[in-house]
Amino acid sequence: MRARVMRLILTVAVVLAGTVPGPARAQSGPIKIGLLVPLTGAASALGKDMLAGTELYLDEINRQVAGRKIELIVEDTEGVTATALTKARKLVDQDHVAILTGGLLASTGYALHPFADAAKIPTTYPVMSSDDLTQRKPAKWVVRTGWNSSQSMHAFGEWVARNLKYKKVATIGFDYAFGWETVGGFQRTFEEQGGQIIQKIWTPLNTTDFSPFIAQIKPDADAVFAVFFGRGSLQFVKQYAETGLKAKIPLIGNGTVTDESVLPQMGDEALGVYTALHYSAALDNPANKKYAKAFEAKAGKIPSYYAETCYTNMRWIVEAIKAINGKVEDREAFLAALKKVELKDFPRGPVVIDKWGNPIQNIYVRKVERVGGQLQNSVIFTYPAVSQFWKYNPEEFLKQPLYTRDYPPCKYC
Amino acid sequence: MIRRRALAAAIIIGVLAALGPVLPAYPLTLITQALIFGILAMSLDVLLGYTGLPSLGQAAYFGVAAYAVALLATERQVGLLGCAAAGIALAAVTAAVFGVVAIRARGTYFLMITLALGMVVWGLAFRWVSLTKGDNGVSGVPRPELGALSLSAPLPFFYFALVTAAVSWTLLGLLVMSPFGLGLKGIRGSESRMEALGYNVWLHKYLAFVIAGVFAGVAGVLWAYYNGFVGPTDVQLVTSVEALLMTALGGPGTLIGPVLGAGIIVFLKNFVSVYTKRWLLILGAVYIGVILFAPHGVVGAFRRQRR
């Protein structure tokens, strides 16, 4: 018995000893970048796009910048925030990464905020889009290189009211923060332009059968505005067309409804759907053409926004490292450099960071069309340099509450 | 036998305590995490291992306590004692209410009812947005202070978790060895016989259920402080299932086994995943291996071998 216990203890001790890292490397060693992505679980398809986009850029520069090698350390978050936090601790405490990046869920963003500030670790969010991450609850050490939920929708609401001339719109979307903020942004500018939101339908996250919800849509709506992503988008768009409703009430939505992560699996049911986002794989600029071609060659599919935003994110980080001559050990300088990156030739177009840490970038209104046999998000209108506060005064904007299930209130329901 | 087990536990605790200052921050936080889940798994062991009640809702009490701590600490700046008391009390009340509903059922039905009750708490966490912040969760829970001592660094918090786990183990150990605990074992063996002998079976089960809830609450309090974040995933079915797997893996009815199970799972999850994306496959293989070759769990197999 004793011997066995001792053996057990020894084994444990040896295993633990194996985890002890060597002394922290000197400045000439590789620059370590920690990437948090969901590689298992429900969101793993999106995680793989994120990883492919990240690696594509690193391969383009041969994983070297400012005379130092770049070492990418990838950790699987399982799409669970608690796991993402544990992995973030591992990347910072054990691997001593110079910068933390990635993440998918809004809750992960809110959880990483205090962590990044406490650890004083430069952090970028390429995907996590919850508004308050750069509005009412910003973190000093976090730079968002992606977008925020209501950013593209402020532009889209105005565009729909002015150009499609819809008066009454019913909305349907996933019942959580991303859905609320997207609908809220759309509702605000759409109603300011004289439109009316006449109904808001919320479906539980992970709904797969939308028919009971589609049946509730008011028949006098001029259009239906949808907010879904991943499998939800595929199912909803398909079922909406199958009910025959699409011929009577046109479908519009946020960018993830027809994002390239789901578009290749869609058929004619997606044709003619108007959406808006800060990216489209069909964007006609030299940087995007080169990027989309390289991504297709590497991953065997057209790039989704998840892939583009991670590609751009990695280029962003590398540009910041260049600006400080590779001296990432000076974290304050690194953070400042991250906030100063300003490039005109990202695949998605020119981007600068506002003082709350969110990108100011083009928003593209897109329409699904079939070109050369393939569905694509054809860009039909561009709003240049859109801020997260749209045309509002930031201070006044921030005094209003965050968009939620019941805000802005549905006056015409 | 009891002395020997106490000695073994004392050695493990001593080794962990001695390793503390030597270990780097990350393995230390992982051991802390394993200890917290160890307490949760021990609480479940009282039900599964000693009373024969397989619960799939243990995350509910864990989560209720964690939410209580997170909300009180972030919005009302309540200290450690207040938060811990509120969290554990709320877990106990929740278990006391759920117990009335759940204890009426047996076997698979008990499993299903506890699952459903657990989902009720998850639903509240997800949908009661004004209180729980919904899917975004409550973040930024500060690490507590124990008197003048700040527990914010990994090492002091590790000792805090270690002491809490050791105290929980001792209390639960005394509980299962007490006449009450023997009564629970009797119920596990044969409910009808215990009833015939004049035991109040319902009350025994009910008390075991509430006590399990209290210790799940203790784990929940630690978890909120440890992670600084509480969200609906913490009260999800997955967390309950994980606690059940930890208990089954380590050895139900051994108390120390579930802690070991928690340690194994936490380390597999966090170390194997560094080397391969297919770590779930390895975790699955470990479960199957344990079920095939050590159906009574790792510790259970050790003890059986010695008999």
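## Notes on a predicted two-chain model

1. Helices (H or I, at least four residues) and strands (E, at least two) are DSSP runs, numbered from the N terminus.

2. Before going on, a word about the ground rules. This is a predicted model, so local features need pLDDT of at least 70 and side-chain atom pairs count only at pLDDT 80 or more, whereas totals for chains, interfaces and linings use all residues. Residues are numbered from 1 along each chain as its sequence is written, and chains are lettered from A and ligands numbered from 1 in the order in which they are written.

3. How confident is the predictor? The complex receives an ipTM of 0.81 and a pTM of 0.84. For single residues there is pLDDT, the predictor's confidence in each residue, from 0 to 100. Chain B has a mean pLDDT of 90, with 99% of its residues at 70 or more. Chain A averages 90 as well, and 93% of the residues there score at least 70. Please read residues 8-26 of chain A with care: pLDDT stays under 50 there, and the model has 10 contacts beyond four places in sequence for this stretch.

4. Back to the opening pair. Which residues bring H2(B) and H10(B) together? On H2(B) they include Ile36(B), Leu40(B) and Leu47(B), and on H10(B) they include Phe209(B), Phe215(B) and Trp223(B). Two residues are in contact if their C-beta atoms, placed from the backbone, lie within 7 Å. The residues of this contact divide into 18 nonpolar, 4 polar and 1 charged. In this count Ala, Val, Leu, Ile, Met, Phe, Trp, Tyr, Cys and Pro are nonpolar, Asp, Glu, Lys and Arg are charged, and the others, Gly among them, are polar.

5. H2(B) also packs against another helix. Helix H2 (residues 25-51) and helix H12 (residues 256-275) of chain B have axes that come within 7 Å and cross at roughly 140°. H2(B) and H12(B) are therefore oblique to each other. Their crossing is right-handed, the term for a near helix turned clockwise from the far one by less than a right angle, with left-handed for anticlockwise. Among the contributors are Phe37(B) and Gly38(B) of H2(B), and Gly261(B), Ala262(B) and Gly263(B) of H12(B). By class, this contact holds 11 nonpolar, 5 polar and 1 charged residues.

6. Helix H8 (residues 179-189) and helix H10 (residues 201-227) of chain B pack at about 110°, their axes 10 Å apart. That angle makes H8(B) roughly perpendicular to H10(B), and the crossing is left-handed. Gly183(B), Leu184(B) and Ile187(B) of H8(B) meet Val201(B), His204(B), Lys205(B) and Ala208(B) of H10(B). The classes here are 4 nonpolar, 2 polar and 1 charged.

7. Where do the two chains meet? The contact draws 31 residues from chain A and 30 residues from chain B. On the side of chain A, helix H1 (2-18), helix H3 (81-94) and helix H4 (106-119) each supply at least two residues. H3(A) gives the most, 8 residues. This side of chain A has 17 nonpolar, 9 polar and 5 charged residues.

8. Chain A is itself divided. An automatic or database domain assignment sets the bounds: domain 1 covers 29-147 + 285-357 and domain 2 covers 151-277 + 362-399 of chain A. Taken over C-alpha atoms, the centres of the two domains of chain A are 27 Å apart. Their contact takes 20 residues from domain 1 of chain A and 16 residues from domain 2 of chain A.

9. Two backbone details in chain A close the list. The peptide bond from Tyr407(A) to Pro408(A) is cis, with omega near -5°, and Pro408(A) sits in the segment after helix H12 (394-399) of chain A. Arg63(A), a residue other than glycine, has a positive phi near 55°; Arg63(A) lies in the loop between H2 and strand S2 (64-65) of chain A.

Definitions and conventions
Axes are lines fitted to C-alpha atoms, for helices over the stretch in contact, and angles run from 0 to 180 degrees between N-to-C directions. Angles under 35 degrees count as roughly parallel, over 145 as roughly antiparallel, 65 to 115 as roughly perpendicular and the rest as oblique.
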